[in-house]
Amino acid sequence: MAAAVSGPEVAAEGQEPLLSPGEADEEDSGRDVVETQEHYKSRWRSIWIMYLTMFLSSVGFSIVIMSVWPYLQKIDPTADASFLGWIIASYSIGQMVASPLFGLWSNYRPRREPLVISTAISVAANCLYAYVHVPHSHNRYYMLAARALVGFGAGNVAVVRSYIAGATSLMERTSTMANTSACQAVGFILGPVFQTCFTLIGEEGITWKLVQLQLNMYTAPVLFAALLGVINIILFFSIFREHQVDDMGRQCKSVNFEGEESNIPDQDAEGNIDHVAVVAINFLFFVILFVFAVFETIATPLTMDMYSWTRKEAVFYNGIILSMVGIESVIVFMVVKMLSKKTGERAILHGGLLIVLVGFFILLPWGKKLPNIQWQEIKNNSIPRTAATEMLMPFWSLQATPLPSNHTVEPVGCPVTQSWCLNTPMIYLAQYISSDILIGLGYPVCNVMSYTLYSKILGPKPQGVYMGWLTASGSGARILGPVFVSQIYTHLGPRWAFSLICGVVVVSLLLLEIVYKRLIAFSVRYGRMQEENC
């Protein structure tokens with residue numbers, strides 16, 4: 001959605017800031033002072049700190065994702081893969097709980113407070129993770145608590161998004177939201193890279209007996225993340241400042257200010273938020289995150305079943321594919337900033353959902369060739385019953401499941417215990433790669449457009465709680481994604497799984513059509529700005 005300002009022009013990112021026109025009338029002087037050079041630089045320095053915070057938040061999740069299972073086995077050999085599922089899910093659960101709370105806090109107090117406290121929680125949780133080997137019992141539960149607290153600290157994503165929404169004009173909004181999502185994506189990509197570098201330390205590493213600290217390939221990444229968190233806190237105090245501008249880029253009043261800027265009136269906050277549009281975007285965002293969580297989770301079991309890859313091959317090849325998808329996403333984030341100025345956010349969101357739909361439609365089994373069947377260890381043709389805790393277990397966590405003692409070669413192929421393997425055509429590798437490319441293109445488009453539209457719909461109102469609910473809906477989607485895969489894919493197969501996903505995306509497209517005209521900026525809705533290309 002592009003908007004034309006019916007007042008003073010707004011300085012876009014990278015342009016010179018607008019200064020007070022000397023001939024402004026006395027009555028309008030408080031509203032026509034867009035910003036001074038000093039204010040402009042301070043505002044963008046603070047926004048860059050928010051970019052860094054988003055990057056560090058995603059690094060905190062991904063930097064240990066590859067080593068959680070071996071570290072869990074090392075500190076507690078009795079832990080099974082189902083408990084690993086709870087550990088992985090605990091991050092998203094913690095973030096889902098914390099996001100609305102931190103968002104509410106940021107609505108009534110300076111945002112520095114929840115940002116500092118949440119980052120400090122993440123630092124402490126990472127240090128706890130490094131010491132989970134010390135207790136003589138219940139080590140697995142300490143690890144569970146540590147990951148849940150890291151996720152709780154990551155609830156500051158809601159504060160970051162609400163700050164950026166409040167500190168940018170409509171003309172700057174899409175660009176900054178895209179940059180924020182790009183920083184988040186880069187964090188997810190670089191986290192495993194950092195982990196790989198720390199594997200050079202080895203499992204034993206160095207022990208500092210005075211403080212009972214083991215610096216090894218499992219603890220070094222979280223200690224590094226804790227160090228980055230401390231640096232982030234220092235930047236919050238030294239560089240970060242509270243800023244609030246209206247949709248046209250003019251300074252306005254905010255409860256977050258403690259200085260003289262709070263004297264500037266906030267006339268544009270008058271009016272009610274369109275809650276139908278708010279609920280619609282929350283639903284669309286949930287669907288977007290849900291289908292991508294399914295895409296991430298299903299990659300390893302699907303390729304093992306269809307192409308007879310071993311666990312090691314599936315993890316390695318899919319790791320490369322997902323890395324390429326991540327790089328593709330960052331490029332898309334950059335391109336979408338320019339494209340939105342010509343077509344508008346709603347049209348791009350519509351196009352992104354269509355691309356995702358095509359991506360999953362391609363994955364439907366169409367041919368006649370059946371996948372190779374894994375005949376080993378057959379006892380009957382029934383489908384194994386799934387324990388309640390296993391419902392949260394991501395499929396890629398099964399890579400570390402030990403082989404039976406009487407096996408020397410890992411069995412490969414589609415297990416006959418999955419009855420659909422006997423009658424469902426295989427998905428060709430070309431289908432899988434094409435789907436990866438399309439989903440990697442559609443997902444980032446939908447992600448950034450959802451955030452951008454959401455922030456524009458909310459307008460100058462405090463956005464902390466609303467951003468908290470949006471983040472929580474995304475966290476919930478990441479929890480339910482693995483559950484969907486573990487139940488639908490295992491029991492019914494890819495035809496049912498991908499058909500249901502296509503159905504969900506179609507429902508989302510229909511909802512978008514219904515609310516399309518309501519997804520407009522707050523200022524446009526109340527006639528304070530003119531809408532173009534929407």
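Author: A residue counts as buried when its relative accessible area is under 20%, as exposed when it is over 50%, and as partly exposed in between. The model discussed here is a predicted one.

Reader: How many disulfides does the structure contain, and which residues does a disulfide join?

Author: A disulfide is a covalent bond between the sulfur atoms of two cysteines. In this model the count is one disulfide. It connects Cys414 with Cys421, with an S to S distance of 1.8 Å.

Reader: Is that disulfide left-handed or right-handed, and why?

Author: The torsion about the S-S bond of Cys414 and Cys421 is about -60°, and the disulfide is therefore left-handed.

Reader: Is Cys414 buried or exposed, and what is the case for Cys421?

Author: Cys414 has a relative accessibility of 0% and so counts as buried. Cys421 is buried as well, its relative accessible area being 0%. Cys183 has a relative accessible area of 18%, so it is buried. Cys446, at 1%, also counts as buried.

Reader: How many salt bridges does a search of the whole structure find?

Author: The cut-off to keep in mind is a side-chain nitrogen of Lys or Arg within 4 Å of a carboxyl oxygen of Asp or Glu. The search finds six salt bridges. One of them pairs Arg109 with Glu113, whose closest N and O atoms are 2.6 Å apart. Arg109 is partly exposed, at 39% relative accessibility, and Glu113 is likewise partly exposed, at 26%.

Reader: With which residue does Arg111 form a salt bridge, and which parts does the pair tie together?

Author: Arg111 forms a salt bridge with Glu242, and the closest N and O atoms are 3.5 Å apart. Arg111 belongs to the loop between α4 (81-108) and α5, whereas Glu242 belongs to the loop between α9 and α10 (275-307), so the pair ties together parts that are 131 residues apart in sequence. Both Arg111 and Glu242 are buried.

A further salt bridge is formed by the side chains of Asp274 and Arg518, at 3.0 Å from N to O. Asp274 lies in the loop between α9 and α10 and Arg518 in the loop between α15 (494-515) and α16 (522-525), so this pair ties together parts that are 244 residues apart in sequence. Asp274 counts as buried at 7% relative accessibility, whereas Arg518 is partly exposed at 37%.

Reader: How many aromatic pairs does the structure hold, and how is the pair of Phe198 and Phe224 oriented?

Author: A pair of aromatic rings is described by the distance of the centres and the angle of the planes. The structure holds 20 aromatic pairs. For Phe198 and Phe224 the ring centres are 5.7 Å apart and the planes stand at 55°, so the pair is tilted. Phe198 lies in helix α8 (residues 170-198) and Phe224 in helix α9, so the pair ties together parts that are 26 residues apart in sequence. Phe224 is partly exposed, with a relative accessible area of 24%. Elsewhere, ring pairs link Tyr307, Trp309, Tyr317 and Tyr432 into a cluster.

Reader: Where does Phe285 lie, and how far is it from Asn447 in sequence and in space?

Author: Phe285 is part of helix α10 and is buried, at 3% relative accessible area. Phe285 and Asn447 are 162 residues apart in sequence, yet 7.1 Å apart in space from C-alpha to C-alpha.

Reader: Finally, the backbone. What is the value of phi at His138 and at Ser308?

Author: Phi of His138 is near 60°, a positive value in a residue other than glycine. His138 is located in the loop between α5 and α6 and is exposed, with a relative accessible area of 52%. Ser308 also has a positive phi near 60°. Ser308 sits in the loop between α10 and α11 (311-343) and counts as buried at 16% relative accessibility.

Terms used
Residues numbered from 1 in each chain as written. Predicted model: local features only at pLDDT ≥ 70, side-chain atom pairs only at ≥ 80, totals over all residues. Heavy atoms only, no water. Disulfide = S-S within 2.5 Å. Buried < 20%, exposed > 50% of the residue type's maximum accessible area, 1.4 Å probe, protein only. Helix = DSSP H or I, 4+ residues; strand = E, 2+ residues; numbered from the N terminus. Phe/Tyr/Trp six-rings, centres within 6.5 Å; stacked < 30°, edge-to-face > 60°.
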